[in-house]
Amino acid sequence: MARLEKLAPDKRQAVLVERAKAEGEVTFYSSLQASDSEPFLKAFNKRFPFLKVNTYRISGQKQVIRIQTELNAGRHLVDVTNGSAAQAYAIKKIGALDPYHTPQRQFFAAVHKDKEGYFSPTFINPVVFGYNSRLVKRNEVPRNYEELLEPKWKGKMILDTEEFPWFAVLLKHFGREKGLDYMKRLAKQDLLMARGRTAQAQLIIAGERSVGIALNSSSVVDFKAQGAPIDWTILDPYFAKPNMIMLARHAPHPHAAALLIDWTLSEEGQSMLATFGYVVARKGAKQSFPALLEKESILADPDFIGPILEDTGKDFRNVFMGGQ
């Protein structure tokens, strides 16, 4: 891959295609929902019909464990993977990634990519405050996090059991001492702790709780577009969680892998992801929900969340889940 970077763009692409044809396939460990990954990879396959795409949907810690197990056993199966900042950091830490400076990275701001070339954003997921629009009027929506401590919100809020990036961003924003004090007071508001951001949005739509403190915007805007009684607003600090695409170390089909990463980050690939409701980071890409980008967000990237993830998780569980 490093040698290819020295070639002129047309020559580089020709070499990639020629060698990818010889490889014949590419294996992708994807965190995308099947309803999104199938049409997405079908479009890629239409562009490169000579490649068989082997897709395995796997995310979270299961993704890290599988890749680590295969690496330790010397079974080099995966070519490309994508996942959250926490997963991306963990996969890099175990030595399962190679840097790849795809030419497409020039179309992404420095804040959205690491200097070493390990991580490029498949998409980003701004975190919003979501609420049931039948139960909460627009003029009643909290304007800041401090207002969530008011008695009227007690027993009406939901929070993910693994919302570690949100916890880390707020502690950085408030300062550790003040931030932990705020979290302890928030924990006394009788929160419903639930796993899964999409599931939380569904619970809010069903009226199980009125509001979601930190929801993935992709779920909220999608349900709202379908006519569900859910809406959103932005609380400061506003931040986004990136989903990174990465090249596996010892990838058995490196040139096919490069084509897949290049296409995912290309204008065509990013535009297609945007049609699924994702917010993409490529400059100039047409967004389905531009309102999510009207305010600049902090990116909770692998280099920020990775080194503090273990301690952040312990603090979070101690505050909200009795240390469990």
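Is Phe-167 buried or exposed, and what is its relative accessibility? At 1% relative accessibility, Phe-167 is classed as buried. The structure examined here is a predicted model.

## Overall architecture

The secondary structure of the chain consists of 11 helices and 11 strands. The chain is as compact as a globular protein of its length, because its radius of gyration of 21 Å is close to the 20 Å that the globule rule gives for 324 residues. The C-alpha trace spans about 65 × 40 × 30 Å along its principal axes.

Of the 324 residues, 53% count as buried. The chain exposes about 15,300 Å², of which carbon and sulfur atoms supply 49%. Among contacts between residues at least 6 apart in sequence, 78% join residues at least 24 apart.

## Nonpolar cores

The largest nonpolar core contains 54 residues, and Phe-44 and Leu-259 touch the most other members. Helix 9 (residues 254-265) contributes the largest share of this core, 8 residues. Apart from it lies another core of 30 residues, including Phe-129, Leu-180, Leu-191 and Leu-235.

When neighbours within four places in sequence are left aside, Leu-259 is in contact with Gln-13, Leu-16, Val-17, Ala-20, Phe-44, Phe-48, Phe-50 and Leu-51.

## Aromatic pairs

The structure holds 14 aromatic pairs. In one of them, Phe-48 and Phe-50 are arranged edge-to-face, at 6.1 Å centre to centre and with 75° between the planes. Phe-48 is buried at a relative accessible area of 9%, whereas Phe-50, at 26% relative accessibility, counts as partly exposed.

The pair of Phe-167 and Phe-316 is also edge-to-face, because the ring centres are 5.6 Å apart and the planes stand at 80°. Phe-167 belongs to helix 5 (residues 164-174) and Phe-316 to helix 11 (residues 302-320), so this pair ties together parts that are 149 residues apart in sequence. Phe-316 is buried, with a relative accessible area of 0%, and Phe-167 is likewise buried, at 1% relative accessibility. Both rings belong to a cluster in which ring pairs link Tyr-145, Phe-164, Trp-166, Phe-167, Phe-316 and Phe-320.

## Charges over rings

Two arginine residues are placed over aromatic rings. The charged end of Arg-66 sits over the ring of Tyr-56, 5.2 Å from its centre. Arg-282 lies over the face of Phe-107, at 4.0 Å from the ring centre.

Methods: Residues numbered from 1 in each chain as written. Predicted model: local features only at pLDDT ≥ 70, side-chain atom pairs only at ≥ 80, totals over all residues. Heavy atoms only, no water. Core = buried A, V, L, I, M, F, W, Y, C linked by side-chain atoms within 4.5 Å. Buried < 20%, exposed > 50% of the residue type's maximum accessible area, 1.4 Å probe, protein only. Helix = DSSP H or I, 4+ residues; strand = E, 2+ residues; numbered from the N terminus. Contact = heavy atoms within 4.5 Å. Phe/Tyr/Trp six-rings, centres within 6.5 Å; stacked < 30°, edge-to-face > 60°. Lys NZ or Arg CZ within 6 Å of the ring centre and 35° of its normal. Rg over C-alpha atoms; globule rule 2.2 N^0.38 Å. Areas by Shrake-Rupley, 256 points an atom, 1.4 Å probe, with all protein chains shown as cover.
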